[in-house]
Amino acid sequence: MAFEVKLPPLGDDAPDEAEISFWYVEEGDTVEEGQDMVEMVTDKAAFTVPAPVAGTIRSITAAEGDKVQVGQVMAIVEQ
Amino acid sequence: MNISENQCPDQCECGGAAGGVKNRFPAWLKKRLPARDRVEPVLALLKELGLGTVCQEAHCPNTGECFARGTATFMILGRVCTRDCTFCAVPGGRPQPPDPDEPRRVALAAQRLGLRHVVVTSVTRDDLPDGGSGQFAATIRALHEGASATVEVLTPDFGGRREDVDRVLDAAPEVFNHNVETVARLYPEVRPQADYGRSLAVLARAAGSGSAPIIKSGLMLGLGESVDEVRAVLADLRRAGCRVVTLGQYLAPSAAHHPVVEFVEPDRFERLGALALEMGFEAAPSGPFVRSSYRAEEIVARLPAKTVTRADA
C-alpha cells in the first residue's frame, strides 16, 4: 500500500508553505515509521517531517529548494 | 516569507556565511512535524466552531506538537489587533465587535478536546470601552461551568485600567498571565503602544486580588536584551508577585518584523531558568521553544494544589 508524505496543515492563518532544505533519504531507501525524511524551513523554524509508515520510498516529488504548499505530496512510501 | 532576505546574525553559530536556507536556524531550533492525522481533528473542530488560536495566528513553531497532543490556546475577540507590536504576526486594523456566542463555543471546543486546563488569550482591543475584559470574564465562566476546566488567561494590559483587570479576576481564573515580552529599554521598538511599568502594575493588581490566581509572565529573548536586563525584569516580576515566568526564543514572523538579534543558546536559557528559580519563581520554563502557554497544564499541575481553586481533581 502506498502512503503519501504531505506537508501537514496548521490552519488557515498559519503559513501555507514551507521550503525544503534537504532530503535525508533517496528514492529506493527503506525507512522506519517516524524516521526523519526531509528537513523544511518556514519563517519561524526548521522542521523535519517523519515517515508516516515503515516502507520503501517509491518516489520523491519535490526537490531541495522547492516551496511546498500545505497538503502537497512530497514523496510516496510503499509499505 | 522572504527567507532569503532575512539574514542570519553574525553571533549565531550557523554563521550565515553559507547564506542558504539550510543554515538559517541553529540546530537547536529544529522541530519535528507531527503526523497529519493527529493534527487534522483539532483543525476541523476549530474551523467548525469558528474559533481562532494564537498558535496559528502567531505561526507558533509548536503548533503541530500541541495540536497533536490535543491542545490549543484560544484567541478570543477576533483576529485583528489595535496595536502594532513589531514582534507579532497578528495583523493590525479595525476589529469586529465581540461575538457574544464566542465564550460558549470556546467551552464547547475545550469539552470536545477533553482539555482540563485551557489557555485563553486575545488581541488587544483598545477600541472597546472595557478592553475586552467582559469577554474574558464570560469565557472563564463558560469554561468553568461548561467544561469543568481550570483556566489560564493571557491578557493584554487593558490600558492599565484596574476595573478591567478586576473584571477578569472576578471570574476567578486559576492562572492570570500577562507577558511583559521584553526588557524595559526595548519597549519603544518592540511594544510601542505599551508601557513596561503599566504591565508590571497589571500583574501586581492581579497578585493582590482576592481570588488569588497564580500570576505568570513571560519574555522573549533574542531581541537585543542583555542578561543583566533580563535579570532586572525577573526581579521586577518577583516584586509584582509573579510566581511563574516563561523564557523563550523570539522568532521573526517575517523580514518586515523586528529582526532576531540573537539566537540564544540553550545553555543560557538553562542558566536563566535556574536563576529565576533561585529568585523565588516556583516554575520557570526556559528554552528556545518555550512559549507563554507551552505545556501550561503541566506547570499548573505541579504547583501547590491549594492555589488552584477549581482543580478538576
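Modeller: Contact means heavy atoms within 4.5 Å. The model is predicted, so local features need pLDDT of at least 70 and side-chain atom pairs count only at pLDDT 80 or more, while totals for chains, interfaces and linings use all residues. Residues are numbered from 1 along each chain as its sequence is written, chains are lettered from A and ligands numbered from 1 in the order in which they are written, and side-chain values use heavy atoms, with hydrogens and water left out.

The part is chain B. Chain B has eleven helices and eight strands (DSSP runs, numbered from the N terminus: helices are H or I with at least four residues, strands E with at least two). Of its 313 residues, 57% count as buried (under 20% relative accessible area; exposed is over 50%, partly exposed in between, with a 1.4 Å probe and protein chains only). Among contacts in chain B with a separation of 6 or more, 74% join residues 24 or more positions apart.

Start with Met220(B), in strand E7 (residues 214–221) of chain B. Its relative accessible area is 13%, so Met220(B) is buried. Leaving aside residues up to four places away in sequence, Met220(B) touches Phe87(B), Glu181(B), Val190(B), Glu225(B), Gly248(B) and Tyr250(B). From Met220(B) to Leu251(B) is 31 residues in sequence and 8.8 Å in space, C-alpha to C-alpha.

Next, helix H1. Residues 36–49 of chain B form this helix of 14 residues, and from first C-alpha to last it reaches 20 Å, close to the 20 Å expected at 1.5 Å a residue (1.5 Å times one less than the number of residues). Which residues of H1(B) are buried? They are Val39(B), Val42(B), Leu43(B), Leu45(B), Leu46(B) and Leu49(B). Because they cover an arc of only 160 degrees around the axis, they sit on the same side of H1(B) (the arc is that of the directions from the helix axis to the C-beta atoms). The face turned away from that buried side carries the exposed residues Asp37(B), Lys47(B) and Glu48(B). Covering the buried residues of H1(B) are, among others, strand E2 (52–53), helix H2 (54–57), helix H3 (63–68), strand E3 (73–76) and helix H4 (102–113) of chain B. After H1(B) comes Gly50(B), with a positive phi near 65 degrees.
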